[in-house]
Amino acid sequence: AADLPSPSRGPRPAMTSIGDLPEDVLVELLSLLPARELLRTCRLVCSQWRYVVDLNTLWKRKCQRDGFYRQSYDRSISDWKIFYMLCHMKKNLLKNPRAEENFQHWTLDANEGDKWKIEDLPGAHGSHMSDPRVHKYFVTSYGPCLKSQLITLDKEGYWNQLMDEIRPEITVKDWYAARFDCGCRYELTVRLLSRDWICLEEFHPEPVVIEQWSDAKWREISHTFQNYPAGVRYIWFQHGGQDTQYWAGWYGVRVTNSSITIGP
């Protein structure tokens with residue numbers, strides 16, 4: 001019988017490893033992974049991966065994937081990794097801002113008159129808010145009523161080097177309103193504090209006095225801290241007030257939907 005042809009015994013092509021991929025393909029693949037895995041695991045694999053994980057293009061691609069990117073940002077953002085981290089972490093640092101958990105997370109610094117109370121929107125002689133997520137508010141009495149929260153930044157993920165070198169914007173917002181049938185006073189204080197509780201910067205506008213027979217509409221107050229000193233480790237937020245006619249009950253200023261956010 002005729003001999004059958006023998007199979008080719010030439011050298012097999014070398015198997016391509018992930019390390020042989022072009023840089024742009026590796027960027028595309030690694031950009032699919034969570035930031036935590038990139039920084040804590042992938043960056044330690046080898047020098048090539050460390051180089052790719054540190055590339056601005058990888059973090060810009062992650063911003064595009066997660067909806068944080070706008071073309072107008074191209075000229076203003078120098079570090080896309082920090083920008084991505086700030087966008088990813090951005091949230092309201094104040095807990096229970098809409099009175100949905102009673103007074104949990106709040107410290108009642110002043111609780112006079114008939115004391116703080118929680119009511120449902122719109123409340124007597126009140127008005128609705130434009131934000132459909134808000135259903136309740138905190139209301140003050142005829143004596144001073146103030147409540148506060150202290151935010152520890154490193155517990156929220158904002159590490160010391162970030163706060164000292166990048167100094168991302170810190171934006172504070174609060175909403176307040178009066179009853180139609182009674183005047184009231186509203187006040188707000190926000191302090192950026194050091195590790196030793198030294199006040200490095202403060203936002204403390206003049207108290208707002210709303211006269212009786214107002215429109216009872218909800219109003220927003222907002223402030224953004226920029227270029228503040230290095231060393232910020234805590235944010236202290238306090239607000240409240242009272243009514244101006246000293247009526248028994250809860251005729252003072254109403255507050256809700258407060259927020260503190262850090263980010264670009």
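A polar contact is a pair of N or O atoms within 3.5 Å; within protein, one must be able to donate a hydrogen and the other to accept it, and residues adjacent in sequence count only if both atoms are side-chain atoms. The model is predicted: local features need pLDDT of at least 70, side-chain atom pairs count only at pLDDT 80 or more, and totals for chains, interfaces and linings use all residues. Numbering runs from 1 along each chain as its sequence is written, and side-chain values use heavy atoms, without hydrogens and water.

Q: What makes the pair Asp-79 and Lys-81 a polar contact at the start of H5?
A: A side-chain oxygen of Asp-79 comes within 3.1 Å of the backbone nitrogen of Lys-81. The cut-off is 3.5 Å, so the pair counts.

Q: Why is Val-25 called partly exposed?
A: Its relative accessible area is 32%. Buried means under 20% and exposed over 50%, with partly exposed in between (1.4 Å probe, protein chains only), so Val-25 is partly exposed. Val-25 sits in helix H1, residues 23-30.

Q: Why are the buried residues of H1 said to line one face?
A: Leu-26, Val-27 and Leu-30 are buried. Down the axis of H1 they fall within an arc of 105 degrees, so they line one face of the helix. The arc is that of the directions from the helix axis to the C-beta atoms.

Q: What makes helix H5 mostly covered?
A: In H5 (residues 80-89), 8 of its 10 residues are buried. Among them are Trp-80, Phe-83 and Met-89.

Q: Which elements do the buried residues of H5 pack against?
A: They pack against H2 (35-40), H4 (56-66), H6 (160-166) and strand S11 (254-262). Contact means heavy atoms within 4.5 Å.

Methods. Helices (H or I, at least four residues) and strands (E, at least two) are DSSP runs, numbered from the N terminus.
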